[in-house]
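Let's take a walk through this model together. Have the 3D view open as you read.

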Amino acid sequence: MEDHHPLKALLQLQLASDSYAVLHLPYVLETLTPEYFLPSSHTQKWTARVNSLLHSKDAGARWSGLCIASQTAVCSRALMMECAQSWVGVALPLLSKNEPLPTVKAAVRLLRHVFSTATNVPEFQRQVCTPNVPKFSLALIAMAEKQTDVELKLLVLSTLAYLIPLYPTLHRSLHPSLSALALRFLNGSAPKPTSEPLLAAASQLYTVLHVTGGKVGAANMWRRSFDETLGFAWAAFLNLRSTSPVSGSAPASVSGPSREDPIVSVPLNLDRLRAAVHILRDLLHAPTSRPVVIPIGSIIKLCLALLRCTPNEKLQGHVDLTARSLELAVIPAIWTSACTLLEGLAKSCRVHLRPHLLQFTSYISYHLERPLTPAQRLPFLTVVTALLTSCSHIHDSVLASRLARAILPSLTVVLATQSQIEHDAEQSVGRDKRKKGKKRARGYEGDEVFKVAREVICPSTEEGEVLLAATDALTLVMQNTPLAPAVYSVASRILLSIQIALPQMSPSLLSPDGALHQALSDKIRVACLELASGTSSEMSKSMGLVMNTIELGFNGAYDQKTHQELDLLLHPRMPPLVRSLPHVEALSLFRAEEGEEERDARTTLALRTPDDISPVVSTEALESLPPALPALHASSESPSELASRAILPLSGVLSSRVSQGRRTPPAQTTSTTSFTSNLNVARSPSNQPQNVVIGPPPIAPLTSPHPHDGASLNAKTPTSMSLTTAIPSDILPVSSEVFMEQDDEDEPMPTIDLGSDSD
């Protein structure tokens, strides 16, 4: 085995010369494993070769030696402790020399690993770490001030933030220099803001400096840093609202708005506010040696002040128009900072936010009700999930229902729009009209590639994230809040309709990211399964939904939850669930079951059914009807009244699964097909509420074109909209009740034959 040792092969081939070591470095680093460094005669030869590379005069050989030494330290801790003294003696002076950036980065990584691996060995700490760690930190501080490479600065800041908690006493004398280095990147930048990775690394460094105060002084230093950062955030916020009244009292130590040029001050203070929010969030999660008192009231006051910002507020008198326009442009960024801070506060303080939960929910609902872009809507949906996960319950039914109504428009974009349904209906009627004169147009597999009129529902990443965040938020709202029955029913119908629509939708039509379709389907199935498992009796009625969910299959954590629900259904040995969820019969899945309250809630959300659509029918269209509909010509009603009567019957969203015994009687037409109702969205070009049609969409394959009005997809199901006679496209199909009345009027009255011999 000694003759075939892997280290021997590497030494003889890949590391035979300095140039070979540079050329074959990727292969060597990928090949090394801990098994290579088991005790053998080749280990000493390996360390000697690494030391020769470190002392080489060639910069490339030194770089390869540092990389190989770092990988060797990762694979063998014993070998690292044996060679650490010599490796540190070579790598540490390289930081103060004019070396290439790859060599400097490799030296920093090697020293970081050496100083952080053997912290539990006192002798190693005394001989290697204690004398060299302060020198290493000083060299890193000087390097961060001189170098301009962003990646090197990120490496330096993350290394310091990693070493300070390990050696707090050794860094106590360096506290002023470390604080100045961190604040250099946290003081804002204009006109170009500080990059997000650099800001996060500097914030992490600043939030660990309090550990240098020791076990006694660390808590006081943490609180002082927190108060200073809070005042820094208030000062930046006030400078961003110089032309608007600020609701909420700022700390007395904070000065008023500055008189600087708004072109410079607005971007600068916005970056400062973003940095302050990063610091506050990291301080809330920073480790402390002793318990600290978090000033929740001060943070909540700042969050509310940030959330109260609206474009409608304005000071009385003359204001600078340039400053006013710049401050109005950064209001969405202020909302994002408020949501980021509130999310971190919810994750750290958890139930201590419960007294303020209603107030935050009210402001978030107000913003979600406004027309926002997906990038602006996403932080509010994310913070709703964080608040409801930490604080669990909202006990106000009115406020919870308002929040649910504000979240629902973010989900209805998955469903088809009213304009798309009308377009598909016109095409269907047009095909029936030309059926006798021309051959039927055939659709071919893969024809959807050439349909350029189709639009993707979520073309950007933010829109896909909004869909996922809205699903999580709505699921928590329906689980943990006492929603009004009407709002709960409408939300359930929307979730069930999306569950029907997604399997019939191509992933490429939902988003360019193919993983979004599967992720959304998983979340929707979990939400629908939760709706169907309120109590043991309800869950037994939803056996089909549970089995369908398991057949489709989940990934990750959803598998465990699904099998838990199935186990509860099959083996009800656990205590009964005491959640007060409505029974399946309480959901108005049919037109006749919809109450007045649910109809009002649906109208408020711009949800419509075919009963609500009353298109105006022209007289010329009525006169062009064929003789097969004589009752329309003979009627004395106006065209609008006739159109209002021409309404399709409305079936349930899941009538075939929930209630098998209730079926709509078949229409008395020549050719009809059964259909299943679904929710369909209609978007207007302006910022008006969306119109969602609850009704049977016309059947169309996935290859059907889509209009250019922002329409989204719909679950294509069969409909009963085809008649034997050709009907113009601007007239709705007549209900089966009209034809039954015509048959009753034309049928002759039966007579009795008195001369018959029969009894």
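A quick definition to begin with: pLDDT is the predictor's own confidence in each residue, on a scale from 0 to 100. That matters here, as this is a predicted model. Over residues 614–745 the pLDDT stays under 50, and for that stretch the model has 280 contacts beyond four places in sequence. Residues 553–558 also stay under 50, with 14 such contacts. Where pLDDT is low, the predicted coordinates should not be read in detail. For the chain as a whole, the average is 76, and 65% of the residues score at least 70.

Now to Ser 56, which sits in the loop between helix 4 (42–54) and helix 5 (59–75). Its relative accessibility is 11%, so Ser 56 counts as buried, the cut-off being under 20%. Beyond its neighbours within four places in sequence, Ser 56 touches Asp 18, Ala 61 and Arg 62. With Asp 18 there's a side-chain to side-chain polar contact at 3.3 Å.

Move along to helix 8, residues 122–146. Its 25 residues, at 1.5 Å each, should span 36 Å, and the end C-alpha atoms are 35 Å apart, which agrees. Still, helix 8 bends by about 45° at Cys 129, with Pro 131 following within four residues.

Between helix 10 (175–186) and helix 11 (196–206) you'll find Pro 191, joined to Ala 190 by a cis peptide bond with omega about 0°. Then, between helix 16 (331–349) and helix 17 (357–368), there's Arg 350. Its phi is near 55°, a positive value in a residue other than glycine. At 42% relative accessibility, Arg 350 counts as partly exposed.

Notes: Residues are numbered from 1 along each chain as its sequence is written. This is a predicted model: local features need pLDDT of at least 70, side-chain atom pairs count only at pLDDT 80 or more; totals for chains, interfaces and linings use all residues. Side-chain values use heavy atoms; hydrogens and water are left out. Helices (H or I, at least four residues) and strands (E, at least two) are DSSP runs, numbered from the N terminus. The expected span of a helix is 1.5 Å times one less than its number of residues. The bend at a residue is the angle between axes fitted to the seven residues ending there and the seven starting there. Buried means under 20% relative accessible area, exposed over 50%, partly exposed in between (1.4 Å probe, protein chains only). A polar contact is a pair of N or O atoms within 3.5 Å; within protein, one must be able to donate a hydrogen and the other to accept it, and residues adjacent in sequence count only if both atoms are side-chain atoms. Contact means heavy atoms within 4.5 Å.
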